[in-house]
Amino acid sequence: MFKPNSFIKSLKHQESELQNEFTLLCWNVAKLTLKSSYKDFIGSLIKSHNLDILLLQEVKKSLSHELDLHDYSYVLSPNIETKKHIFGVLSAFKASCHDELSLLTKKQELRCATHKISLITHHKISDGQRLLIVNLHAINFVHNSDFKNELRHIQLTIKSHKGAMIVAGDFNTWNIKRVQYLQEFSDDLGLKKVEFSDEKDIKKIFSNSLDYIFYRDLELTYSTVIDSKKISDHNPIIAKFRTNL
């Protein structure tokens, strides 16, 4: 149903490395990216937090208009395409991007028969190294075993990467079994979870958080959850990292 045919990107910063310290935002924007309230709010976040990387899930884009992304480079990987719009995950950045890869889930969600999507990108950091980023919207409305298998597919795809890595997004971990499988996934890849002092503000179902940022071979220097003023039913989460360990 509505399986996408498009893959949209605009790369403007191919000669630039990520700074030694960079700030990343992760946010499920609930298909509200064409609304003026969203545009004003994310513009204020970009300005106040000096954001280097945006990892957005449930992005909605008109097929007839360009995205307004404050001069970021970006890659948009859709999981749904209609006659007028595409929907998916979007990674935006002010640094080079190499070897982007989209992974549609093998399973479809039972309720609406759509796939979910993950986007893998690579970015130059200092000393000739590359940072791998996974922007993930995990599958929902399937058996827990299917959820586990989809995580395993991502793990097998990225496990050969050596060095710095960030895996972030909406993991749809609304039951304890899914939380357990996510823990196994992060342990197998040697990832640490970004902790937040304001954890209560992260979107939860049945007391289980849905949104996470995981990382390795980076130093976490700051993290916070932002009140989105009900623009989305998820709140943005922000983390700042240092690369020169």
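This is a predicted model: local features need pLDDT of at least 70, side-chain atom pairs count only at pLDDT 80 or more; totals for chains, interfaces and linings use all residues.

Residues are numbered from 1 along each chain as its sequence is written, and side-chain values use heavy atoms, without hydrogens and water.

Select Lys12 and Asp71. They form a salt bridge (a side-chain nitrogen of Lys or Arg within 4 Å of a carboxyl oxygen of Asp or Glu), with the closest N and O atoms 3.5 Å apart. Lysine 12 lies in the loop between strands S1 and S2 and aspartate 71 in the loop between S3 and S4, so the pair ties together parts 59 residues apart in sequence. Strands are DSSP runs of E, at least two residues, and helices runs of H or I, at least four, numbered from the N terminus.

Next, select Asp233 and Lys203: this salt bridge has its closest N and O atoms 3.1 Å apart.

Move to Lys159, in the loop between helix H2 (144-158) and strand S9 (165-170). Is lysine 159 buried or exposed? Its relative accessibility is 51%, so lysine 159 counts as exposed (buried is under 20%, exposed over 50%, partly exposed in between; 1.4 Å probe, protein chains only).

Finish at Tyr222 in strand S14 (residues 219-225). Tyrosine 222 is partly exposed at 37% relative accessibility. Beyond residues up to four places away in sequence, Tyr222 touches His49, Ile238, Ala239 and Lys240 (contact means heavy atoms within 4.5 Å).
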